[in-house]
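Hi,

Here is the structure I promised to pass on. Have a look at it first, then read my notes below.

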Amino acid sequence: MNTAHEELTAMRDKRAEFVPSAVDLPGNLPELYREMVADLATSLSDEAVAERTVDELHEFVERVGCIGAMTCRATGS
């Protein structure tokens, strides 16, 4: 039983080495995000860009759905 406790302690110590440090986010993150969304909305109002974007988004959603649903083999992706 003592060996199991020692192994558990060793594994916890090892795991602690792999914990990433906290990420510092900018204080104005909401503002930055709003600006990014506004830029995106402006870009998507251009018909030529919007058409290409829709195609890309459909492909992306299919891939994400494939990964999320674990159906990649069935869809061939």
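Patches, as used here, are made of residues with over 30% relative accessible area and no salt bridge, with like charges joined within 9 Å and nonpolar side chains (Val, Leu, Ile, Met, Phe, Trp, Tyr) within 5 Å. A salt bridge is a side-chain nitrogen of Lys or Arg within 4 Å of a carboxyl oxygen of Asp or Glu. Areas come from the Shrake-Rupley method with a 1.4 Å probe, and for residues only the protein chains shown count as cover.

By that definition, Val23, Leu25, Leu29 and Leu32 make a nonpolar surface patch of about 390 Å². Leu25 sits in the loop between α1 (2-17) and α2 (29-44), and is exposed (over 50% relative accessible area; under 20% is buried, partly exposed in between), at 61%.

Then there's a negative patch: Asp46, Glu47, Glu51, Asp55 and Glu56. Asp and Glu count as negative, Lys and Arg as positive, while His and the chain ends are left out; a charge is placed at CG of Asp, CD of Glu, NZ of Lys or CZ of Arg. Glu47 belongs to helix α3 (residues 47-69) and is exposed too, at 68%.

Overall, the chain has four helices and zero strands, where helices (H or I, at least four residues) and strands (E, at least two) are DSSP runs numbered from the N terminus. Buried residues make up 1% of its 77 residues.

One caveat: this is a predicted model, so local features need pLDDT of at least 70 and side-chain atom pairs 80 or more, while totals for chains, interfaces and linings use all residues. Residues are numbered from 1 along each chain as its sequence is written, and side-chain values use heavy atoms, without hydrogens and water.

Cheers

Terms used. Buried < 20%, exposed > 50% of the residue type's maximum accessible area, 1.4 Å probe, protein only.
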